[in-house]
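Trainee: Could you walk me through how to read the features of a structure like this one?
Mentor: Gladly; let's look at it together.

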Protein chains: 2
Amino acid sequence: MLEIERKFLVKSDAFKAEAFRENEIKQGYLNSNPERAVRVRIKDDVGFLTIKGKSDESGTTRFEWEKQISREEAEALLKLSEPGMISKIRYEVKAGAHIYEVDQFFEDNEGLILAEIELQSATEDFEKPNWLGEEVTGDHRYYNSQLSKNPFKLWK
Amino acid sequence: MLEIERKFLVKSDAFKAEAFRENEIKQGYLNSNPERAVRVRIKDDVGFLTIKGKSDESGTTRFEWEKQISREEAEALLKLSEPGMISKIRYEVKAGAHIYEVDQFFEDNEGLILAEIELQSATEDFEKPNWLGEEVTGDHRYYNSQLSKNPFKLWK
């Protein structure tokens with residue numbers, strides 16, 4: 001399927017009070033190339049294998065395929081992954097008809113918070129809560145696959 | 001799981017008369033790195049996603065994880081794959097208690113025929129039919145992931 005997503009920096013912790021769900025995520029990459037990213041994720045006690053294609057020019061639309069796998073399978077596959085594990089807490093926050101996924105990163109990406117919203121079409125309107133910062137849709141540095149290789153702590 | 005396999009060149013077509021099964025295989029790689037190979041395969045009308053780790057020093061034992069997927073999913077994932085598609089017919093041939101998988105390659109790997117046998121232990125005995133040639137276990141050039149990038153036709 002094709003995913004239509006926009007991504008933003010987050011400028012305050014205010015989103016936490018509005019979150020209705022919170023999950024721990026660890027993930028690594030069997031391929032961090034954005035043209036054929038292969039991601040292994042453990043979200044609380046469930047595993048996922050996700051494959052993403054390259055995005056369109058605006059960075060909004062991207063092919064995505066995902067299968068749930070067991071935590072044990074995900075752990076075995078994480079052992080094969082490229083160096084650079086991503087560790088984050090994902091908060092889910094309602095905003096009108098949409099849900100923001102807000103990721104607070106840890107370890108080598110400590111200090112980074114990113115919010116993503118999935119849309120039905122590239123032109124669909126959506127609410128912008130006051131904790132939402134600059135848009136970074138299409139900026140490859142903020143792809144998790146790139147954060148695994150070039151983490152936020154090393155920027156500048 | 002861990003796979004224990006040995007691989008051989010094949011020196012005649014005699015295996016075809018002994019084959020009890022024959023399947024068409026097309027496959028590509030989302031990552032052809034042998035340390036974390038991610039393979040998309042279509043075998044007749046079924047898809048498979050397979051992930052392999054690096055082999056031990058002898059090249060005999062290798063971590064392998066596989067999930068069946070639909071042909072449609074496999075076709076979508078093949079579109080993302082690295083350049084270099086593998087096209088082959090797999091013959092299965094009984095030899096004592098074991099089965100040889102004999103792959104006749106086409107297109108850029110035309111002329112190459114490889115036989116593989118899966119063992120329960122690295123020291124297990126097995127029959128060697130008279131069409132079996134030189135052993136190439138552990139020779140990376142004969143990995144399908146490498147044949148996709150450096151096909152047989154370009155050798156020498």
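What follows is a short talk about an annotated site, some charged pairs and an interface.

Mentor: Some ground rules first. This is a predicted model, where local features need pLDDT of at least 70 and side-chain atom pairs count only at pLDDT 80 or more, while totals for chains, interfaces and linings use all residues. Residues are numbered from 1 along each chain as its sequence is written, chains are lettered from A and ligands numbered from 1 in the order in which they are written, and side-chain values use heavy atoms, with hydrogens and water left out.

Trainee: Which residue does UniProt list for "active site"?

Mentor: UniProt positions are given in the numbering used here, feature names are shortened, and annotations may be inferred rather than shown by experiment. Here the unreviewed UniProt entry lists A:Tyr29. In the model, A:Tyr29 sits in strand β2 (residues 19-31) of chain A; helices (H or I, at least four residues) and strands (E, at least two) are DSSP runs, numbered from the N terminus.

Trainee: Is A:Tyr29 buried or exposed, and what is it in contact with?

Mentor: Buried means under 20% relative accessible area, exposed over 50%, and partly exposed in between (1.4 Å probe, protein chains only). A:Tyr29 counts as buried because its relative accessible area is 5%. Contact means heavy atoms within 4.5 Å. Leaving aside neighbours within four places in sequence, the contacts of A:Tyr29 include A:Ser81, A:Asn144 and, from chain B, B:Arg36.

Trainee: Where does A:Ser81 lie?

Mentor: A:Ser81 is in the loop between α2 (71-78) and β6 (86-95) of chain A. With a relative accessible area of 10%, A:Ser81 is buried too. A polar atom of its side chain lies 3.2 Å from the backbone oxygen of A:Leu77. Beyond four places in sequence, A:Ser81 has B:Arg36 among its contacts.

Trainee: How many salt bridges does the structure hold?

Mentor: Side chains of opposite charge can pair when their charged atoms come close. A salt bridge is a side-chain nitrogen of Lys or Arg within 4 Å of a carboxyl oxygen of Asp or Glu. Over all chains there are 25. One of them joins A:Glu64 and A:Lys52, at 3.4 Å from N to O. That pair links distant parts of the chain, with A:Glu64 in strand β5 (residues 61-69) and A:Lys52 in strand β4 (residues 46-55), twelve residues apart. A:Glu64 is buried at 13%, and A:Lys52 is buried at 17%.

Trainee: How should I read the pair A:Arg141 and A:Asp139?

Mentor: Their side chains meet in a salt bridge at 2.9 Å, N to O. A:Arg141 is partly exposed, since its relative accessible area is 42%, and A:Asp139 is partly exposed at 24%.

Trainee: What area do chain A and chain B bury between them?

Mentor: The size of an interface is often given as the accessible area lost when the parts come together. Buried area is the accessible area (1.4 Å probe) that two parts lose on being put together, summed over both. Chain A and chain B bury about 1600 Å², 70% of it on carbon and sulfur atoms. A:Arg36, A:Trp65 and A:Leu80 supply 33% of the area that chain A buries against chain B, more than any other three residues.

Trainee: How many salt bridges cross the interface of chain A and chain B?

Mentor: The rule finds two. B:Lys67 forms a salt bridge with A:Glu73, with the closest N and O atoms 2.9 Å apart.

Methods: Polar contact = N/O pair within 3.5 Å; in protein donor to acceptor, adjacent residues only side chain to side chain.
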